[in-house]
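Please read the points below alongside the structure.

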Amino acid sequence: MHRLWNRIDFAFSSAWQNFWRNAAVSIASVLIVWVVLLALGSLLLVLHSLDQIVALEKTKASAISVYLADTTPLSSAMEFKLHLESDPRVSSVEYVSKDQAMARFRQLPALDPSVIDTLGTNPLPASLDVTVKDIRDLGAIDQEVRTSPLVDKSPATNYEPNVIDKIILLARVAGIAGLVLIIGLTGLSVFIIMLTIRTAIYLRRKEIEVMKLVGATDWFVRWPFIVEGLIVGLVGAVVAVLIVGFGYRPAVVNLQSVLIFVPLAFDPYYLRVVLAAMLGFGLLLGSVGSYLGIRRFLKQ
Amino acid sequence: MPATITTQPTRTTLLPAKARVAAVVPAAPQISLQGVQKTYPNGTVALRDVSLEIPKQDFVFLVGPSGAGKSTLVRLLIREEKATAGSIHIEGQDLSRLKRRHLPYLRRKIGMVFQDFKLLPNLTVFQNVAFALRVTEGALRHLKPKVEEVLSIVGLEGKESKYPDQLSGGEQQRVAIARALVHDPRIFLADEPTGNLDPATSWEIIQLLLQINARGTTVLMATHNREIVDVMRRRVVAIEGGQIVRDEDAGGYHAPALESH
C-alpha cells in the first residue's frame with residue numbers, strides 16, 4: 001500500500017513539476033490538444049444537426065404544399081381537392097386554410113409572436129397539402145398543379161427537388177473536410193506532446209541517470225512522463241469540453257433564430273456522448289504522444 | 001568523525017534459492033569474470049580475455065592508465081554494457097542472461113560512486129539519499145530511519161538540509177556514498193572516488209570505504225591515486241591495454257619488478 005502510494009505520489013509530483021518546468025512547451029501542447037478537441041466536438045455536433053435535418057426532410061419528402069391564390073373561393077378549392085384526390089398517384093390531400101397556416105407558423109420555434117401581430121393582415125396563403133404514394137411522382141404533380149388558375153403564382157408550391165441531395169452532399173463535404181482537418185491536427189498534437197515529453201526527459205536527464213544507477217525499474221522511470229502526457233491531454237480536453245458543453249445550446253438557439261425554417265434541435269443525450277468522446281480522445285492523444293516521446297529515449 | 005558500526009545490518013537476499021546456496025559455498029567467488037572481451041561498435045577493443053575472481057569481503061584496487069579499460073570493467077559489472085564474449089557472474093548470476101527487467105535488482109545489490117559524485121543539485125543532502133529509496137519504491141515509513149542511519153555512517157549528521165553546492169568535495173562524496181549504501185549493497189564499486197579531492201580528504205574517503213568493507217561489503221575501487229594504493233597494501237589488479245597485467249595481494253601501484261626486491 002505504501003509502495004503503491006509512493007509510486008503514485010512520485011509519478012504525479014514529478015509530472016506536475018515537469019509540466020511547469022517547461023511551461024511554454026506544455027501550454028503549447030495543451031493548446032493544440034484543445035484545438036483538436038474543439039474541432040472534433042464541433043464537427044460531430046454539426047454532422048449530427050445535418051443528420052437531423054436530412055431525417056426530417058425525408059419524412060416531408062413525399063408531400064408538397066400547393067399554395068392557393070387568396071382570390072380562390074373555398075368551393076373551387078374543394079373541387080380542386082377532389083380532383084387531386086381522384087388522381088391514382090395521390091394518397092391523400094389536406095386543406096389548410098389561411099388561419100391554420102398562421103397557427104402553424106406561430107408554432108415555429110424561436111419566432112417572436114409579437115412580431116407577427118404587427119403585420120396586421122395574414123400574408124400566408126391557404127394550401128392543399130398533397131401526399132403522394134411514390135416520391136418519384138412528386139415532380140409531375142408539381143408541374144400539373146402549376147397550370148391551374150387557382151394556384152398562387154409566387155410561389156406556387158414548396159416543391160424543392162434537390163434539397164435533400166444538397167443537405168446530404170453538404171454533410172458529406174463537411175464530414176470529409178472536418179475529418180481531414182482533425183487527422184492533420186491529431187498528428188500535429190501527438191508530435192507536439194512528444195516534443196514536450198522529450199524536453200521533460202532532457203531536463204531530468206541527471207535524475208534519470210541516478211534513478212537507473214540506484215536500481216529504479218524502467219516503469220518507475222517512465223510513469224512520470226506518461227502522467228505528464230495524460231495531464232496535457234486532460235487539461236486540453238477539459239477546457240474544450242467546457243466550451244462545447246456550455247456553448248452548444250446557445251449556438252443552437254442562435255442558429256434557430258437565424259434559420260427559422262431549418263429544424264435544429266438541442267440534443268442533450270448526443271451532447272453527452274460527444275463530450276465523453278472528446279475527453280477520451282484527449283487522454284488518448286496524451287498517452288500516445290508520451291509513449292512516442294519515451295520510446296526511444298528511455299532505452300538504456 | 002564517522003560513527004563506528006557495531007552491528008551488521010540484516011539483509012534480505014534477492015537471489016533465487018539455487019543461487020543463494022551457491023553463494024554460501026566458499027569456493028564460488030562473489031564476482032567472477034571468465035575470458036571477458038568487450039569490443040565497442042566502432043571497433044575499439046576495450047577489454048580482451050579478462051579473467052578475474054573476487055571473493056566476498058575482498059578489497060580490491062583496480063589500477064592502470066586512462067583508457068586501459070578500468071571504466072569499461074566497472075560498466076560491465078553493473079551491466080551498463082554487455083560483454084562481447086566471455087562470462088560475468090555476480091553471486092552466481094550470469095549477467096549475460098540477466099533480463100532487462102531484472103537489471104534494477106542487480107543494481108540494488110551494487111552500490112556505486114563516481115569521481116563526479118552525481119548528486120542532484122536541487123535536492124538537499126537528506127533528499128538526495130532518500131531519492132535512492134523513493135525511486136526503488138522503498139516504503140516511505142522506513143525511509144527516514146534508513147536515511148539517518150546511512151548519513152551517520154558517513155558522518156554527515158547535522159548537514160541533512162544542506163544543498164550539494166553548500167558542501168565541500170569530500171562531503172559531497174560522502175553524500176554519494178551514503179546514497180550508495182541505502183540498499184545495504186553487497187558490492188561497492190567506486191570509480192575514481194578521490195579523483196576530484198585533495199589528499200587529506202581522499203584519505204578520509206578511503207577510511208570510509210575500509211569501514212564499509214569491514215561491515216562485510218566487497219569493495220572494488222578503480223583509481224589513479226598511487227599514494228593510497230602504495231600505503232594500503234591491499235589486493236591490486238592492474239589493467240593495461242584491456243588486459244590484466246598484474247594481480248597481487250598486498251600490492252603497490254606499480255609492479256614490484258620496478259622496486260628493489
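Helices are DSSP runs of type H or I with at least four residues, and they are numbered from the N terminus. In that numbering, Gly289(A) is placed in helix H10 of chain A, which covers residues 268-297. The model is a predicted one.

**Gly289(A) and its surroundings**

- Gly289(A) has 28 C-beta neighbours inside 10 Å; because a residue is buried at 20 or more such neighbours, Gly289(A) counts as buried.
- Leaving aside residues up to four places away in sequence, Gly289(A) touches Val190(A), Ile193(A), Met194(A), Ile197(A) and Gly229(A).
- Ile176(A) lies 113 residues from Gly289(A) along the chain, and the C-alpha atoms of these two residues are separated by 25 Å.

**Helices H1 and H9 of chain A**

- Helix H1 (residues 2-21) and helix H9 (residues 218-258) of chain A have axes that come within 8 Å and cross at roughly 55°.
- That angle makes H1(A) oblique to H9(A), and the crossing of H1(A) and H9(A) is right-handed.
- On the H1(A) side, the residues that meet H9(A) are Arg7(A), Ala11(A), Phe12(A), Ser14(A), Ala15(A), Asn18(A) and Phe19(A).
- On the H9(A) side, their partners are Phe220(A), Trp223(A), Pro224(A), Val227(A), Glu228(A) and Ile231(A).

**Contact between the chains**

- In chain A, 16 residues are in contact with 18 residues of chain B.
- H1 and helix H8 (205-213) of chain A each supply at least two residues of the side of chain A that touches chain B.
- H8(A) gives the most to that side of chain A, with six residues.

**Overall make-up of chain B**

- Chain B contains eight helices and ten strands.
- Of the 261 residues in chain B, 40% are buried.
- Taking contacts in chain B between residues at least 6 apart in sequence, 70% join residues at least 24 apart.

**Helix H7 of chain B**

- Helix H7 of chain B has 16 residues (residues 199-214), which should span 22 Å at 1.5 Å a residue; the end C-alpha atoms are 22 Å apart, in agreement with that expectation.
- Ser202(B), Ile205(B), Ile206(B), Leu208(B), Leu209(B) and Ile212(B) are the buried residues of H7(B).
- Viewed down the axis of H7(B), these buried residues fall within an arc of 160°, so they line one face of the helix.
- Pro199(B) and Ala200(B) are exposed residues on the face of H7(B) turned away from its buried side.
- The cover over the buried residues of H7(B) includes helix H6 (169-181), strand S7 (187-191), strand S8 (218-222) and helix H8 (226-232) of chain B.

**Helices H4 and H5 of chain B**

- The axes of helix H4 (residues 125-134) and helix H5 (residues 143-153) of chain B come within 10 Å and cross at roughly 120°.
- H4(B) and H5(B) are therefore oblique to each other, and their crossing is right-handed.
- The contact is made by Phe126(B), Val129(B), Ala130(B) and Leu133(B) of H4(B), together with Leu143(B), Lys146(B), Val147(B), Val150(B) and Leu151(B) of H5(B).

- Glu91(B) is not a glycine, yet its phi is positive, at about 50°.
- Glu91(B) is located in the loop between strand S4 (85-90) and strand S5 (93-94) of chain B, and it counts as buried, with 22 C-beta neighbours inside 10 Å.
- Asp184(B), also a residue other than glycine, has a positive phi near 50°.
- Asp184(B) belongs to the loop between H6 and S7 of chain B, and with 19 other C-beta atoms within 10 Å it is partly exposed.
- The C-alpha atoms of Asp184(B) and Thr217(B) are separated by 8.6 Å, although the two residues are 33 residues apart along the chain.

Definitions and conventions
Residues numbered from 1 in each chain as written. Chains lettered and ligands numbered in written order. Predicted model: local features only at pLDDT ≥ 70, side-chain atom pairs only at ≥ 80, totals over all residues. Expected span 1.5 Å × (residues − 1). Buried ≥ 20, exposed ≤ 12 C-beta atoms within 10 Å, placed from the backbone. Arc of directions from axis to C-beta. Contact = placed C-beta atoms within 7 Å. Axes fitted to C-alpha atoms, helices over the stretch in contact; angles between N-to-C directions. Parallel < 35°, antiparallel > 145°, perpendicular 65-115°, else oblique. Left-handed = near helix turned anticlockwise from the far one by under 90°.
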